[in-house]
Amino acid sequence: MQPLSIKDIRSSFINATRSETAKLTPPRNLETLDWDHLDFLGWRDEKMPLRGYLVVPTAQGLSGMLLRAPDSGARKNRSVLCELCRDVFSKEDVLLWVARRSGRSGRDGNTVGTLICADFICSSNVRREPPAGEIHPDPAVVVRRQVDELRERSERFLSRVRQR
Ligand SMILES: [Zn+2]
């Protein structure tokens with residue numbers, strides 16, 4: 001994806017108030033991120049660990065979502081798969097992240113939840129090549145497919161949050 005500035009990020013949110021986006025803690029390594037290997041920008045708020053952010057580039061522009069992990073969300077949970085990368089090998093935690101819907105629906109209290117890697121490491125998960133062999137004669141093809149699927153699923157989640 002294209003590199004983003006903190007200004008791009010703050011103005012991208014579709015389901016957050018102005019004060020929520022003003023208060024967000026930017027990702028620590030924003031200046032040095034390897035943007036070429038990211039399909040979205042996702043991070044947890046260092047100061048508010050139950051809050052996460054997912055900024056997805058789409059053909060229509062950038063869309064950011066503010067997410068919350070339930071209070072019990074710190075519980076370790078590797079018995080479930082991340083709905084975005086569906087990586088079966090990752091040992092990292094997966095949390096149920098909940099997004100307020102955009103617009104009126106969100107103001108009325110409607111939310112959408114999905115399971116996502118606790119630290120939003122999906123882009124690196126899908127780029128891990130499977131061992132070459134009879135099942136996957138060309139690992140690069142597998143990676144390309146996984147990247148495409150991650151992008152599709154992220155956009156689908158975004159459209160659920162945006163739905164009125
Ligand atoms: Zn994931």
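1. Phe89 is exposed, with a relative accessible area of 62%; here exposed means over 50% relative accessible area, buried under 20%, and partly exposed in between, with a 1.4 Å probe and protein chains only. Phe89 sits in the loop between S3 and S4; helices (H or I, at least four residues) and strands (E, at least two) are DSSP runs numbered from the N terminus. Together with Leu81 and Val88, Phe89 forms a nonpolar surface patch of about 310 Å² accessible area. Patch members have over 30% relative accessible area and no salt bridge, with like charges joined within 9 Å and nonpolar side chains (Val, Leu, Ile, Met, Phe, Trp, Tyr) within 5 Å. The areas come from the Shrake-Rupley method with a 1.4 Å probe, and for residues only the protein chains shown count as cover.

2. On provenance, this is a predicted model, in which local features need pLDDT of at least 70 and side-chain atom pairs count only at pLDDT 80 or more, while totals for chains, interfaces and linings use all residues. Residues are numbered from 1 along each chain as its sequence is written, and side-chain values use heavy atoms, with hydrogens and water left out.

3. The loop between S3 and S4 also holds Arg86. Arg86 has a positive phi of about 50 degrees although it is not a glycine, and at 41% relative accessibility Arg86 counts as partly exposed. Phe120, in the loop between S5 and H4, likewise has a positive phi, near 55 degrees. Phe120 counts as buried at 6% relative accessibility. As background, most residues other than glycine have a negative phi.

4. The largest nonpolar core has 26 residues, and those with the most contacts inside it are Leu54, Leu67, Leu84, Ile116, Cys122 and Phe157. Such a core is a set of buried Ala, Val, Leu, Ile, Met, Phe, Trp, Tyr and Cys residues joined through side-chain atoms within 4.5 Å. The elements that give two or more residues to this core are strands S2 (51-58), S3 (61-68), S4 (94-100) and S5 (111-117), and helices H4 (122-126) and H5 (139-162). H5 gives the most, with 6 residues. A second, separate core of 14 residues includes Met1, Leu4, Phe13 and Leu41.

5. Which residues are in contact with Leu54, leaving aside its neighbours within four places in sequence? They are Phe40, Leu41, Gly42, Ser63, Gly64, Met65, Leu67, Leu84, Ile116, Phe120 and Phe157, where contact means heavy atoms within 4.5 Å. Leu41 is also in contact with Pro27, as is Trp43, when neighbours of Pro27 within four places in sequence are left aside. Pro27 lies in the loop between helix H2 (18-23) and strand S1 (41-44) and counts as buried at 8% relative accessibility. Pro27 and Ser63 are 36 residues apart in sequence and 16 Å apart in space, C-alpha to C-alpha.

6. The structure holds 0 disulfides, a disulfide being a pair of cysteine sulfur atoms within 2.5 Å. Cys85 is buried, with a relative accessible area of 8%, and Cys117 counts as buried at 1% relative accessibility.

7. The structure holds 12 salt bridges, each defined as a side-chain nitrogen of Lys or Arg within 4 Å of a carboxyl oxygen of Asp or Glu. One of them joins Arg28 and Glu46, whose closest N and O atoms are 2.9 Å apart. This pair links distant parts of the chain, with Arg28 in the loop between H2 and S1 and Glu46 in the loop between S1 and S2, 18 residues apart. Arg28 is exposed, with a relative accessible area of 71%, whereas Glu46 counts as partly exposed at 48%.

8. Arg128 forms a salt bridge with Asp87, the closest N and O atoms being 3.0 Å apart. Arg128 lies in the loop between H4 and H5 and Asp87 in the loop between S3 and S4, so the pair ties together parts that are 41 residues apart in sequence. Asp87 is buried, with a relative accessible area of 8%, while Arg128 counts as partly exposed at 38%.

9. Within helix H5, Glu152 and Arg156 lie 4 residues apart, about one turn of the helix, and their side chains meet in a salt bridge (3.6 Å, N to O). Glu152 counts as partly exposed at 46% relative accessibility, and Arg156 is partly exposed, with a relative accessible area of 49%. Elsewhere, salt bridges that share partners join Glu20, Arg68 and Arg100 into one network.
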